[in-house]
Amino acid sequence: MKTNKITLLIGREHLEKDSYLYTNILSEIKGIQFDVFNDSYSLFRRKVYPFLVRIIPQFIKKKPFVRNLYFRIKERFYLIILSPKDYKMHVAFLKNPNDISLRIEKLNIKLSKIPKNTEITLIGRSAGAIVATMVSLQHHIHKIISLGYPFKHPDFEEEAYRHEHLKNVNTPMLIIQGLQDVYGGKEIEKKYHFNSNTTIVFEDINHDFELTEENRIRIFKNIEQFISDS
């Protein structure tokens with residue numbers, strides 16, 4: 001039986017932040033034809049909702065009663081077109097677009113609908129790498145590629161949910177990390193615990209992956225080699 005293959009990109013909540021990575025870099029790597037995973041109604045939120053907001057006159061927006069009525073109608077609209085469970089997720093996403101647990105739940109739902117004989121590769125960008133690695137503890141994932149793993153937020157104390165599970169990730173994983181990444185540089189090798197199936201490659205870049213042509217070529221080769229290895 002032929003094995004189907006699928007590569008899912010789990011990016012940051014605001015995908016446009018890294019659009020150059022997805023269109024100019026990953027799309028050129030041999031062996032990758034990836035789909036972008038995002039919440040199902042993000043297109044509506046990004047395209048339709050801003051349009052509606054623009055066409056409503058400013059003086060109406062400033063009227064508390066009219067504004068509250070508008071939001072009630074909008075939420076009622078979402079409640080009608082979405083299932084109760086998706087509506088609950090929608091409200092939670094509005095409150096916190098970076099809610100890791102909700103992103104994991106939605107990815108789990110998507111993966112559960114993929115045929116069992118599919119070879120799934122996940123590419124996690126920043127917070128998307130946390131989602132990818134956590135999901136791999138529940139689903140059979142073929143390989144994981146992490147681009148700038150966010151080990152520690154520079155403004156917060158250590159948060160265990162970011163890295164504690166990594167030692168249990170049996171899926172072969174390639175982490176490409178910047179030496180100047182404020183979320184974790186060279187020190188991560190000694191600071192955190194990794195599974196023996198994890199390979200870490202460092203590049204002289206920051207968390208935003210601002211690449212030189214030399215960086216770009218090396219990353220190409222590392223990812224291509226990682227994908228082609230059996």
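Me: Let's start with helix α6. Which of its residues are buried?

Reply: In α6, the buried residues are Ile100, Leu102, Arg103, Ile104, Lys106, Leu107, Asn108 and Leu111. Buried means under 20% relative accessible area, while exposed is over 50% and partly exposed lies in between, using a 1.4 Å probe and protein chains only. Helices (H or I, at least four residues) and strands (E, at least two) are DSSP runs, numbered from the N terminus.

Me: Before I go on, what kind of model is this, and how is it numbered?

Reply: This is a predicted model, with residues numbered from 1 along each chain as its sequence is written. Local features need pLDDT of at least 70 and side-chain atom pairs count only at pLDDT 80 or more, whereas totals for chains, interfaces and linings use all residues, and side-chain values use heavy atoms, with hydrogens and water left out.

Me: Thanks! Back to α6: where does it lie?

Reply: Helix α6 covers residues 100–112 and lies across β1, β2 and β3, running at about 165° to β1. Angles run from 0 to 180 degrees between N-to-C directions, and the axes are lines fitted to C-alpha atoms, for helices over the stretch in contact. Contact here means heavy atoms within 4.5 Å.

Me: What span should α6 have?

Reply: Its 13 residues, at 1.5 Å a residue, should span 18 Å, and the end C-alpha atoms are 18 Å apart, which agrees. The expected span is 1.5 Å times one less than the number of residues.

Me: And which residues does Leu107 touch?

Reply: Leaving out residues up to four places away in sequence, Leu107 touches Leu8, Ile10, Phe37, Val131 and Val135. Leu107 and Leu111 also touch the most other members of the largest nonpolar core, which has 28 residues. A nonpolar core is a set of buried Ala, Val, Leu, Ile, Met, Phe, Trp, Tyr and Cys residues joined through side-chain atoms within 4.5 Å.

Me: Which elements supply that core?

Reply: At least two residues each come from β1, α6, β3, α7 and β5. The largest share, six residues, is from α7. Apart from this core lies another, of 20 residues, among them Ile29, Ile123, Ile223 and Phe226.

Me: You mentioned α7. Where does that one lie?

Reply: Helix α7 (residues 127–135) lies across β1, β3, β4 and β5, at about 150° to β3.

Me: Now the sheet. What is the strand order?

Reply: The order is β2-β1-β3-β4-β5-β6, in an open sheet of six strands with parallel pairing. Strands β2 (34–37) and β6 (198–203) are at the edges with a single partner strand each, so one side of each has no neighbour in the sheet. On average, neighbouring strands are turned by 20° against each other, direction ignored. Two strands pair if DSSP finds at least two bridges between them.

Me: How many bridges join β1 to β3?

Reply: Seven, between residues 4–10 in β1 and residues 118–125 in β3.

Me: What about β5, is it mostly covered or open?

Reply: Mostly covered, as six of its six residues are buried. Met173, Ile175 and Gln177 point one way, while Leu174, Ile176 and Gly178 point the other way. Four bridges join β4 to β5, and six join β5 to β6. Met173 is the bridge partner of Ile144 and stands opposite Thr198 in β6.

Me: Changing topic: is Asp181 buried or exposed?

Reply: Asp181 is buried, with a relative accessible area of 5%. It is found in the loop between β5 and α9 (188–191). Beyond neighbours within four places in sequence, Asp181 is in contact with Gly148, Tyr149, Ile205, Asn206 and His207.

Me: And Arg162, buried or exposed?

Reply: Arg162 is buried too, at a relative accessible area of 8%. This residue lies in helix α8 (residues 160–163). Its contacts beyond four places in sequence include Ile130, Tyr149 and Tyr183.

Me: Last one: where is confidence lowest?

Reply: Helix α2 (residues 42–55) is lowest, at a mean of 52, and β5 is highest, at 98. pLDDT is the predictor's confidence in each residue, from 0 to 100. The chain averages 81, and 70% of the residues score at least 70. Over residues 40–44, pLDDT stays under 50. Where pLDDT is low, the predicted coordinates should not be read in detail.
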